[in-house]
Protein chains: 2
Amino acid sequence: MVETSTRERILAVAGELFYRDGIRAVGIETVCREAGIKKPTLYHYFGSKDGLIAAYLKDQDEKVLAGLTEPALRADGPAADRVAAIFENVARAARREAWKGCPFLRGAAEFAGERDHAARQLASGHKRRFERWLADFLDEHGVIDPKPLARQLTVLLDGAVTHAFLHGKGAYAREAGNAARALIEGWRRAGGSRA
Amino acid sequence: MVETSTRERILAVAGELFYRDGIRAVGIETVCREAGIKKPTLYHYFGSKDGLIAAYLKDQDEKVLAGLTEPALRADGPAADRVAAIFENVARAARREAWKGCPFLRGAAEFAGERDHAARQLASGHKRRFERWLADFLDEHGVIDPKPLARQLTVLLDGAVTHAFLHGKGAYAREAGNAARALIEGWRRAGGSRA
DNA sequence: CGGCAGTCTTACCGATCGGTAGGTACACCG
DNA sequence: CGGTGTACCTACCGATCGGTAAGACTGCCG
């Protein structure tokens, strides 16, 4: 028996269901049933559904970030190759039935009507965090003035994730990887700063 | 008095609410109240909530497409300038409070759990339609072998839309516009086909 | 042992969900 | 005139929504 705390178990179940079906599509009662507890227990730990949602996304933050950056950290060669590995990884993920894109993008979309909702703020923060990581990563690999380029690639990557999910095909992420390569190589050719 | 048919009025109200708050967040009863009709009337015209959702997205398809392409059609100069106008338009839209990104991306995200849902299929179709339009547009403006480039730019654009919405700032779309320029100019330099 | 804190329970709340049975009001057609 | 079809209504359905009051169980500390 794997001795997981109740809180952890609820969070794990909620994460799976929220990611699989969408946050709004999953009721509290479903989470409780799957986690083998009763509602007041969930409310004891998380206070509200919004509290659970916030905990879910906070929990995903570093996990998703690690999953995204890992291919780049493992790859070698010039920056363009390493960044392309991120896109290739998305392309491969798109084939898996269970892969449904980025939980933050989807979460933010679900709460478009509530501007200050935790899901929106956590999504925004998560994306800024990735952008910053990428700027540092590019910098470490010899790219001059990496911040604008990091922003371009971040935007491109989320487009790739979205389209890979939308069409259920890796081709879009792979083509985006080609674009990423072109952008990085072009940046380098231009001396690391825009004309 | 602007003599609109009941069906049109329901669709207009549903469109506004679905876009503003999210599809799942809006109940049928709310739509009926705002449209000044009763539930059976709505079910008379649309059959089910899913029917209404499908009608909503079908209705948006050409409108959104027209809104996206219009800046490019109005702009002049080389292809890079015209495509950049699309991104600039998104950047300007991001400032408006009521702008909430792409209804298709958001709709697809809300129904991530139902692979064959109309929202998913219509979103996928809409994106393919835009990609095809862009390929033709690039072709007309002298870009050789435009299809891969059109795909890259389509992915980039949706990333721009998503990030503009996510952060509520046009800066991301504007930076993506720079990337679009770089990709188009690089493509041309490379002779219109990849190395 | 008594008492307290934390954990998790049974049993329930009002509101809202998507959807429907059955009928009325009216226009058009013969 | 009667008949038919469309548009729209009142009134209601069971299920589920997010959330809570109040208590039982358990282990720890004195």
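Colleague: Why is A:Phe46 called buried?

Modeller: This is a predicted model. A:Phe46 has 9% relative accessibility, and buried means under 20%, so A:Phe46 counts as buried.

Colleague: What makes A:Tyr45 partly exposed?

Modeller: The relative accessibility of A:Tyr45 is 34%. Buried would need under 20% and exposed over 50%, so A:Tyr45 counts as partly exposed.

Colleague: How many aromatic pairs are there over all chains?

Modeller: A search of the whole structure gives eight. In one pair, A:Tyr45 and A:Phe46, the ring centres are 6.5 Å apart and the planes stand at 55°.

Colleague: Why is the pair of A:Tyr45 and A:Phe46 called tilted?

Modeller: Stacked needs planes under 30 degrees apart and edge-to-face over 60. The planes of A:Tyr45 and A:Phe46 are at 55°, so the pair is tilted.

Colleague: Which residues do ring pairs link into a cluster?

Modeller: The cluster consists of A:Phe130, A:Trp133 and A:Phe137. A:Phe130 is also touched by A:Thr154.

Colleague: How do you know whether A:Thr154 is buried or exposed?

Modeller: A:Thr154 has a relative accessibility of 1%. The limit for buried is under 20%, so A:Thr154 counts as buried. A:Thr154 is found in helix H8 (residues 146-167) of chain A. Leaving out residues up to four places away in sequence, A:Thr154 touches A:Lys127, A:Phe130, A:Glu131, A:Leu134 and, from chain B, B:His163.

Colleague: What makes A:Arg24 and A:Glu114 a salt bridge?

Modeller: Their side chains meet at 3.2 Å, N to O. The cut-off is within 4 Å, so the pair qualifies as a salt bridge. The pair links distant parts of the chain, 90 residues apart: A:Arg24 is in the loop between helix H1 (6-21) and helix H2 (28-35), and A:Glu114 in the loop between helix H6 (103-110) and helix H7 (118-140) of chain A. A:Arg24, at 28% relative accessibility, counts as partly exposed, and so does A:Glu114, at 33%.

Colleague: How do you know that A:Asp81 and A:Arg181 form a salt bridge?

Modeller: The closest N and O atoms of A:Asp81 and A:Arg181 are 2.2 Å apart; within 4 Å is required. A:Asp81 is in helix H5 (residues 79-93) and A:Arg181 in helix H9 (residues 171-189) of chain A, 100 residues apart. A:Asp81 counts as partly exposed at 29% relative accessibility, and A:Arg181 also has 29% and counts as partly exposed.

Colleague: Why are B:Lys63 and B:Asp59 separated by about one helical turn?

Modeller: They are four residues apart in helix H4 (residues 49-74) of chain B, which means a separation of about one helical turn. B:Asp59 counts as partly exposed, with 23% relative accessibility.

Colleague: How many salt bridges are there between chain B and chain A?

Modeller: The count is two. B:Glu97 and A:Arg115 have side chains that meet in a salt bridge at 3.0 Å, N to O. Ten residue pairs are in polar contact between chain B and chain A. On the side of chain B that touches chain A, H8(B) gives the most, with 14 residues.

Colleague: What area is buried between chain B and chain A?

Modeller: About 3700 Å², with 64% from carbon and sulfur atoms. B:Val155, B:Leu166 and B:Glu175 supply 16% of the area that chain B buries against chain A, more than any other three residues.

Note on methods. Residues numbered from 1 in each chain as written. Chains lettered and ligands numbered in written order. Predicted model: local features only at pLDDT ≥ 70, side-chain atom pairs only at ≥ 80, totals over all residues. Heavy atoms only, no water. Buried area = accessible area lost by both parts, 1.4 Å probe. Polar contact = N/O pair within 3.5 Å; in protein donor to acceptor, adjacent residues only side chain to side chain. Helix = DSSP H or I, 4+ residues; strand = E, 2+ residues; numbered from the N terminus. Phe/Tyr/Trp six-rings, centres within 6.5 Å; stacked < 30°, edge-to-face > 60°. Buried < 20%, exposed > 50% of the residue type's maximum accessible area, 1.4 Å probe, protein only. Contact = heavy atoms within 4.5 Å.
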